[in-house]
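Here is a short briefing for a reader new to this structure. Start with the overview, then take the topics one by one.

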Amino acid sequence: MPRQASGLWQDKNYVTAWKRDWYNRHPEKRERNNQRMRQQRNDFIDQLTTDMGGRCQRCGYDACVAALDYHHVDSQSKDALVSHLANQHKWEAAIAEADKCILLCGNCHREYEHGYWKGEFVKRDGVGWTLANWELCNPTTVTPFQSARNGKTHEESDTEQLSLF
């Protein structure tokens, strides 16, 4: 049978004050814990990125892991951002979410989102997707403010999303 808290420990205000006091009295332990948690998250992201190919699937950029984005192949299946799940140390959920993504560098990701190029995504063995082939879009058919997903401008897309609420 679990041990029951007794006396002052049942008072939520007392417990909150005690935790706040401990937090203020132990800055070195707090910082050490924060560093350990950051290191765990960074190691996880590095390993996940390596498992997904470790480079931009369009241009091959691989100099800095932080410059790589997880692009959801199907935006409708997006449940969360991989980075948010990793920040919360939800490792299994982050892997499941990354399995819906392709790695693109920041430049290629933004070019794709703005309709500069389009491509065919193929499921990888293991985690994630890869790019089978891609081509530049006709510049006369895509404006800089048009999305590659649905051909609507950002303003039209924003209005559509706001109407959902």
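A residue counts as buried under 20% relative accessible area, as exposed over 50%, and as partly exposed in between, with a 1.4 Å probe and protein chains only. At 39% relative accessibility, Trp-134 is therefore partly exposed. The model is predicted: local features need pLDDT of at least 70, side-chain atom pairs count only at pLDDT 80 or more, and totals for chains, interfaces and linings use all residues. Residues are numbered from 1 along each chain as its sequence is written, and side-chain values use heavy atoms, with hydrogens and water left out.

**Overall layout**

- The protein chain has six helices and four strands. Both are DSSP runs numbered from the N terminus: helices are H or I with at least four residues, strands are E with at least two.
- From the N terminus on, the order is α-α-β-α-α-β-α-β-β-α.
- The protein chain has 165 residues, and 25% of them count as buried.
- Contact means heavy atoms within 4.5 Å. Among contacts with a separation of 6 or more, 59% join residues 24 or more positions apart.

**Nonpolar core**

- A nonpolar core is a set of buried Ala, Val, Leu, Ile, Met, Phe, Trp, Tyr and Cys residues joined through side-chain atoms within 4.5 Å.
- The largest one holds 23 residues. Leu-48, Met-52, Tyr-70, Val-82 and Ala-98 have the most contacts inside it.
- Elements giving two or more residues to this core include α2 (27–51), β1 (68–72) and α4 (91–98). β2 gives the most, with five residues.
- Beyond its neighbours within four places in sequence, Tyr-70 is in contact with residues including Ile-45, Leu-48, Val-82 and Leu-103.

**Aromatic rings**

- Rings of Phe, Tyr and Trp (its six-membered ring) pair if their centres lie within 6.5 Å; planes under 30 degrees apart are stacked, over 60 edge-to-face, and the rest tilted.
- By this rule there are four aromatic pairs. Phe-44 and Trp-91 form a tilted one, at 4.5 Å centre to centre and 40° between the planes.
- Phe-44 lies in helix α2 and Trp-91 in helix α4, so this pair ties together parts 47 residues apart in sequence.
- Phe-44 is buried at 14% relative accessible area, whereas Trp-91 is partly exposed at 24%.
- Trp-117 and Trp-134 have ring centres 6.1 Å apart and planes at 70°, so their pair is edge-to-face. It ties together strands β3 and β4 (residues 129–136), with the two residues 17 apart in sequence.
- Trp-117 is buried, at 0% relative accessibility.
- Tyr-112, Trp-117, Phe-121 and Trp-134 form one aromatic cluster.

**Charges**

- A charge sits over a ring if NZ of Lys or CZ of Arg is within 6 Å of the ring centre and within 35 degrees of the ring normal. Arg-58 has its charged end over the ring of Trp-134, 4.0 Å from the centre.
- A salt bridge is a side-chain nitrogen of Lys or Arg within 4 Å of a carboxyl oxygen of Asp or Glu. The whole structure has eight.
- Asp-79 and Lys-100 form one of them, at 2.8 Å from N to O. Asp-79 lies in the loop between β1 and α3 and Lys-100 in the loop between α4 and β2, so the pair ties together parts 21 residues apart in sequence.
- Lys-100 also forms a salt bridge with Glu-97, at 3.2 Å between the closest N and O atoms.
- Asp-79 is exposed at 64%, Lys-100 is partly exposed at 22%, and Glu-97 is buried at 3%.
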